[in-house]
Amino acid sequence: MVTAEVPVLAMAAEYFFKLGVEGKRFRPMVLLLMSTSLMTSPSHGLQDLIFDDLRLRQQRIAEITEMIHVASLLHDDVLDHADTRRGISSLNHVMGNKLAVLAGDFLLARASVALASLRNTEVVELLSQVLEHLVTGEIMQLSVEDKDMSNMDYYMQKTFYKTASLMANSCKAIAVLAGQPEDVALLAFNYGRHLGLAYQLVDDALDYTGTTKTLGKPALSDLGQGIVTAPVLFALKEFPEMSKLIQRKFKTVTDINQAVEMVKESRGIAQTHALAAEHARKAVDAIANLPPNPSLHVQQCRRALIDIAHQVITRSK
């Protein structure tokens, strides 16, 4: 789906997929597990054909989701002047900003064509909203007002837009394609929402406890960009003087060092992990509340989704 007529564009569009970056399998795996978790056992004959067609359409959602995600990464790396992405040279560093932006645009175009081919207006609306949320979240981060810089609610809303909306709306799209009722589709949405938030909160904590080698990106990269994350907001409650550093957006090396010291002396990292665990529990609850299904395969996939929620909050990279 990401092949192109012009070789250099094809090379750029396939960059992260060809390298087989481990994280690029995470979202598709979750979505295909969700697909089976919502499956009703088909009978033989015509129903088998209908089931196979549904599975292919849901697989298309997984492909579209990953193209949207990678496109956003390509654009983010240009905006952030990033040299690496999870331990691999960023595309803009390898091939330049212009080609990276165009490759991102190309992936979004291919994703849009694939989305339209599903001929389901609700699914189109769900994934189109993801694109709006990605932009909104980025703008919220870029143009945050002073009164919101220390606001946890503002931070969590921005985090949902930038990180969790893609998984939440994609999980719901899987349910919608399966013809599930609204209450089941909402459970799928909530699983994706809380899994995405838990994932990002753990990322926030790892920024302080991980290393450049394990993270695949510079440690403390958020502070270096003047970005306030959950550990800083929790530390602020114990160290009010952190507010001055936040207002200055950690402008100097001294500011960054002071902020790190406050975060590590506070309960900020532990509280961030605790909040991530709370969202992981809510993700697990969403799966536990799905309608009962006697199929062993369905139950295995639901257990896998629960296991993923636990792995997200216990990972070290």
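Q: Which helix does Val135 lie in?

A: Val135 lies in helix H7, and since everything here concerns a predicted model, please read the values that follow with that in mind.

Q: Does it count as buried or exposed, this Val135?

A: Val135 counts as exposed, because its relative accessibility is 54% and the cut-off for that class is over 50%.

Q: What does Lys162 form a salt bridge with?

A: Lys162 forms a salt bridge with Glu138, and the closest N and O atoms of the two are 3.4 Å apart. Lys162 lies in helix H8 and Glu138 in helix H7, so this pair ties together parts that are 24 residues apart in sequence.

Q: Is Glu138 buried or exposed?

A: Glu138 is buried, with a relative accessible area of 10%, whereas Lys162 is partly exposed at 26%.

Q: How many salt bridges does the structure hold?

A: The structure holds ten salt bridges. Among them is the one in which the side chains of Glu182 and Lys172 meet, at 3.5 Å from N to O. Glu182 lies in helix H9 (residues 182–209) and Lys172 in helix H8, so here the tied parts are ten residues apart in sequence. By accessibility, Glu182 counts as partly exposed at 49%, while Lys172 counts as buried at 14%.

Q: And what about Arg60 and Glu63, how do their side chains meet?

A: The side chains of Arg60 and Glu63 meet in a salt bridge of 2.9 Å, N to O, and because they are three residues apart in helix H4, about one helical turn separates them.

Q: Which residues are linked with Lys147 in a network?

A: Glu145 and Asp148 are linked with Lys147 in a network of salt bridges.

Q: Changing topic, how many cavities of 30 Å³ or more does a search of the whole structure find?

A: The search finds one, and this largest cavity has a volume of about 50 Å³. Its lining consists of Ile64, Ile68, Leu108, Ala111, Ser112, Leu115, Leu127, Ser128 and Leu131, which divide into seven nonpolar, two polar and no charged residues.

Q: Which helix gives the largest share of that lining?

A: Helix H6 does, with four residues, and H4, H6 (97–117) and H7 each supply at least two.

Q: What volume does the second largest pocket have?

A: The second largest pocket has a volume of about 310 Å³. It is lined by 18 residues, of which Gln141, Leu142, Val144, Gly226 and Ile227 are the closest to its centre.

Q: And what gives the most to the lining of this pocket?

A: H7 gives the most to that lining, with four residues, and helices H4 (46–80), H7 (121–142) and H8 (152–177) each supply at least two. By class, the lining of the second largest pocket has nine nonpolar, four polar and five charged residues.

How values were computed: Residues are numbered from 1 along each chain as its sequence is written. This is a predicted model: local features need pLDDT of at least 70, side-chain atom pairs count only at pLDDT 80 or more; totals for chains, interfaces and linings use all residues. Side-chain values use heavy atoms; hydrogens and water are left out. On a 1 Å grid over the protein atoms alone, a cavity is a set of points where a 1.4 Å probe fits but cannot get out, and a pocket is an open set with protein on both sides within 12 Å along at least five of seven lines; lining residues have an atom within 4 Å of a point. Grid points are joined across faces, edges and corners, and a volume is the space filled by probe spheres set on the points. Ala, Val, Leu, Ile, Met, Phe, Trp, Tyr, Cys and Pro count as nonpolar, Asp, Glu, Lys and Arg as charged, and the others, Gly among them, as polar. Buried means under 20% relative accessible area, exposed over 50%, partly exposed in between (1.4 Å probe, protein chains only). A salt bridge is a side-chain nitrogen of Lys or Arg within 4 Å of a carboxyl oxygen of Asp or Glu.
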